[in-house]
Amino acid sequence: MWFDFVFFLSQPLSCSWVFLWEKGYQETDSVVSSVTTKVKGVTMTNTSALGSRIWDVADYVIPPQEKNAVFVMTNMIFTLNQSQSHCPELPDDNTECNNNSSCVPGYVSTHSNGIQTGACIPYNSSIKTCEVFAWCPVEDDYHIPNPAFLQGAENFTILVKNNIWYPKFNFSKRNILPTFSSSYLKNCIHDAQTDPFCPIFRLGKIVEAAGQNFQEMAVEGGVMGLQINWDCNLDRAASHCVPKYSFRRLDNKDSANTISPGYNFRFAKYYKDSSGIETRTLIKAYGIRLDIIVFGKAGKFDVIPTMINIGSGLALFGVATVLCDIVVLYCMKKRYFYREKKYKYVEDYELGTSET
């Protein structure tokens, strides 16, 4: 019967798929990984607030080291020379006022910069707001610099050092391959075509490889993922176990959803002036956070999974006939015809014990 034949023929094919293509003869293990990063690059800005200024790694990598990640600042809002004193709050629907009765002493909301004193004072020549006790002058982050403050961040480079270990096989390796020379490592930049194993990445090319525009992303920031895949067949030489890099944007960039886009946070630099008053420079930093995600699986020949898969395959051959019979004899339209051909019915009779 054709169904029986096809089903029977499919068994060696499926067994071959599991055993050879899926490497059913191997024991497997998941990767254990550690990652460190090093950023390099210098750029210059020239603004009315800060004048000419050089920015190096100590300025734009915050914090200097993270676990499996690195943040590079690309844009910022400065609030210079803040000190703790009394000043007008930023104007909005809850802080604008006409007289003191509109301001509640001690009131503070989620979005307040300080604690209200109860006074209504001029914010500028046309608007009055409630006075607050806060770090003054308060931050005004309504207008984000566009283009980004550190446009040169596109050319910053990131060295990613990745060490991996497969404990079951006691196999370890790193993404700086043994074939690399010192001169090559100093000058290479990762490229999927010409330098696919170089561990030094240009920030602009990472964003570009994920299908994004760097200068647009640098304005409000974002989160990028650098994926390192270590799928290794340890039955082959160790030189064949190499990393594969891929890139994607991890935060949601949706033109229809523009609420709280990108990635930003605040930090401050504190100091005391000549009179001993504590002051600070507040920075709202926008930038690109690069998360390094390492995954992989290694396999190596082992007699136990080999015997298990061989036994499972042989068991399938025995089940094939039973399953075919059930389908053909009970499920198909011509089951009565097949049943007549499969079974031969004979009449039951007894031989006579005496003859007349």
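**Burial, core and contacts in a predicted model**

The protein chain holds 7 helices and 14 strands, where helices (H or I, at least four residues) and strands (E, at least two) are DSSP runs numbered from the N terminus. This is a predicted model, in which local features need pLDDT of at least 70 and side-chain atom pairs count only at pLDDT 80 or more, whereas totals for chains, interfaces and linings use all residues. Residues are numbered from 1 along each chain as its sequence is written, and side-chain values use heavy atoms, with hydrogens and water left out.

Trainee: Why is K173 called buried?

Mentor: Buried means under 20% relative accessible area (1.4 Å probe, protein chains only). K173 has a relative accessible area of 15%, so K173 is buried. Its place is in strand β9, residues 171-174.

Trainee: What does K173 touch, not counting residues up to four places away in sequence?

Mentor: Contact means heavy atoms within 4.5 Å. On that basis K173 touches N162, N163, I164, W230, A238, S239 and C241.

Trainee: What does the side chain of K173 reach at 2.7 Å?

Mentor: The side chain of K173 reaches the backbone oxygen of A238.

Trainee: Which residues touch the most other members of the largest nonpolar core?

Mentor: A nonpolar core is a set of buried Ala, Val, Leu, Ile, Met, Phe, Trp, Tyr and Cys residues joined through side-chain atoms within 4.5 Å. The largest has 48 residues, and V39, Y60, M73, V160, Y166, M224 and L226 touch the most other members. Strand β14 gives the most to this core, with 6 residues.

Methods. Buried < 20%, exposed > 50% of the residue type's maximum accessible area, 1.4 Å probe, protein only. Polar contact = N/O pair within 3.5 Å; in protein donor to acceptor, adjacent residues only side chain to side chain.
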